[in-house]
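Try each task before you read its solution.

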Amino acid sequence: MNSLNTQKVSAIAALAHIEISDENIGVVTASLEDILKFVDQLQAVDTTDVIPTSQVTGLIDVLREDVVKASEISPASLIALVPQTQDGQIKVKRVIK
Amino acid sequence: MSDAAKLLHTISQAQSALQTGELTARQLVEAHLSRLHAVDDAIKVVLTPLDERALAQADAIDADRSAGRELGVLAGIPYTAKDMFLLAGTRTTAASQILKDFVAPYTGTAIAKLEAAGAICIAKVNQDEFAHGGSTEYSSFGPSKNPYGTDRVPGGSSGGSAAALAAGIGLFSVGTDTGGSIRQPAAFCGVVGLKPTYGVVSRYGVISMASSLDVIGPFANTVEDAQTVLYVMAGQDSNDATTIALPEQSTADSKPPRAAYIKEYMEGLHPDVAAAYTSAYEKLTQAGWDIKTVSLEHVGLALPAYYVLTPAEISSNLERYDGVRYGSTSDAATDLNTTYTKTRGEFFGPEVQRRILTGTYVLSAGYYDAYYKKAMQVRTLIKQDFEATFADYDILLGPTTPTAAFKFGEHSQAPVAMYLADIMTVAANLAGIPAISIPLAGPSGLPLGLQLMAKQTNEAGLFGAATAAETALQTELGAIQV
């Protein structure tokens, strides 16, 4: 099932938005291979017609009244957490060259 | 610790000392803070001490008591919280460099309920980074140590919570349990650890790991204390749509539960460890329990299923750490994309990266059905095994862990070896059922845990059985080394 190589892991890392250095990619690939080898034992189980479980308590469509209420958290206190700001706005690096 | 405070091992003992005026809340909190500062060099559990805040709260409670105002059930009781819990105005790191300077802008529901009941948080404590691990060796601030042997891990991921309580820091602690992160360190450190039914305690204001599995629960010195703390934190919350209400607490059934131990969990144990459990089952039998043996066909698949589902949910949940809105950001970024990639490359530790990458892989096109969907189907089979078994039994028994606390470095270099520490705890998370670990004396003076499980929302039955087991076992652990 698993046929990882450093190229594939680099592609996954790009999807996951994690930079991995060239010297580390080999180690990371090897550890992911170990993990996939371990979870591959699931393949032997017959799961024909088994409904997948994504939640366990059976709640369906939990709704609340659609009423406006003030947040206990001020916008200023959230902006204060931002690493780089300008004029009370979140500053990001350029998106397009 | 003062002589008076030293004797107070449980919440109810402390409450009566506070009520009779034998002790003030300030004296109790001071005693626990001084214990914290005396032993933390040896066990390294504290990430952020909260002395000033805690003493101010204690004074307020003492003033309320003098004025005859009504007090909450945990008034003046000092506790510690895993660093996953947001407490407004205090640093909350998840033991990660990516949140090393993050100050929580609000307080999560569970902590708010504890505070409303008068409990006093004296410190935020150590854990594996983002709760990924079973030893605290993956904390980016360095590992904590086990009070029963400082060359050994306290377990994880909530290892700081368990080690702090075992060392006499606080009268309870709160942690999170995604695959065993409360029960496994509780077993390693000789304290009680409870994972409630999924959804019993609101996750609002708690840093997410794997949302379909994460639960919040207490560490305590007795089952009764764990019960007290759970019921303070429990309840539906409009800020967490997955919360459920527990049925009204019925009066405890004094009949011994219909119990069975899980055969698969007793296989392959070291003879000394197996002997500890056999002797525990015998003591329960002498106390009137009729303990049968059950086999759960798919329980052996819980760990591989867990290590597909959990990384998948982690990869999604941890996408929020982008270096833009809060947390650390890389100085080397040159554009928006490298803000993401360099921040996450620099500030996430190796295990966190491994899990995000594994999760991204199992969710990616071409692998989703083979891994993620397959694991969700196996989760169904495991859940059904438990449901069928609970038709015949009230309580399932087994070890919490296959071994006592291991030594530093024993598993930290091999991810899969570390994952095996969760082998007996993950199934309860996959099935969403409540499970508790109570202390048992293990070989060479190290604690083990006896795990009891019940069907979903049968917390009352679980507490009743665990209390009976606690009484029957009369566990006496050796002395701690700090």
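**Exercise 1. Find the loop that holds Ser157(B), and say which peptide bond there is cis.**

Step 1: Ser157(B) sits in the loop that runs between β3 and α6 (159-166) of chain B. Helices (H or I, at least four residues) and strands (E, at least two) are DSSP runs, numbered from the N terminus. This is a predicted model, in which local features need pLDDT of at least 70, side-chain atom pairs count only at pLDDT 80 or more, and totals for chains, interfaces and linings use all residues. Residues are numbered from 1 along each chain as its sequence is written, while chains are lettered from A and ligands numbered from 1 in the order in which they are written.

Step 2: The cis bond goes from Gly156(B) to Ser157(B), and its omega is near 10 degrees.

Step 3: For background, most residues other than glycine have a negative phi, and most peptide bonds are trans.

**Exercise 2. Locate Ala95(B) and Thr457(B), and decide whether each is buried or exposed.**

Step 1: Look for Ala95(B) in the loop between β2 and α5 (109-116) of chain B. Its phi is near 55 degrees, a positive value in a residue other than glycine.

Step 2: Ala95(B) has 32 C-beta neighbours inside 10 Å, so it counts as buried. The cut-offs are these: a residue is buried if 20 or more other C-beta atoms lie within 10 Å of its own, exposed if 12 or fewer, and partly exposed in between, with C-beta atoms placed from the backbone.

Step 3: Thr457(B) belongs to the loop between β11 (447-453) and α17 (459-473) of chain B. Thr457(B) is not a glycine, yet its phi is positive, at about 65 degrees.

Step 4: Thr457(B) is buried, with 21 other C-beta atoms within 10 Å.

**Exercise 3. Trace the sheet of chain B: which strands stand at its edges?**

Step 1: Write down the order of the 11 strands, β1-β3-β2-β4-β6-β5-β10-β11-β9-β7-β8 (chain B), which form an open sheet with mixed pairing. Two strands pair if DSSP finds at least two bridges between them.

Step 2: The edge strands are β1 (46-49) and β8 (290-294) of chain B; each has a single partner strand, so one side of each is left without a neighbour in the sheet. From one strand to the next, the twist averages 30 degrees.

Step 3: β8(B) is hardly covered: of its five residues, the count of buried ones is zero.

**Exercise 4. Which elements of chain A touch chain B, and which gives the largest share?**

Step 1: Start with the totals: 45 residues of chain A are in contact with 57 residues of chain B. Two residues are in contact if their C-beta atoms, placed from the backbone, lie within 7 Å.

Step 2: On the side of chain A that touches chain B, two or more residues each come from α1 (6-15), α2 (22-39) and α3 (75-79) of chain A. The largest share, seven residues, is from α2(A).

Step 3: Look at the buried residues of α2(A), among them Val28(A), Leu32(A) and Ile35(A). The buried residues of α2(A) pack against α1 of chain A together with α11 (302-317), α13 (350-363), α14 (368-389) and α15 (415-419) of chain B.

**Exercise 5. Why is chain A described as more spread out than a compact globule?**

Step 1: Chain A has three helices and two strands, in the pattern α-α-α-β-β along the sequence.

Step 2: The radius of gyration of chain A is 23 Å, well over the 13 Å that the globule rule gives for 97 residues, so chain A is more spread out than a compact globule. The radius is taken over C-alpha atoms, and the rule is 2.2 Å times the number of residues to the power 0.38.

Step 3: Repeat this for chain B: with 482 residues, a compact globule would have a radius of gyration near 23 Å, and chain B has 21 Å, which agrees.

Step 4: Finish with burial, which is 19% of the 97 residues in chain A and 61% of the 482 residues in chain B.

Terms used: Axes fitted to C-alpha atoms, helices over the stretch in contact; angles between N-to-C directions.
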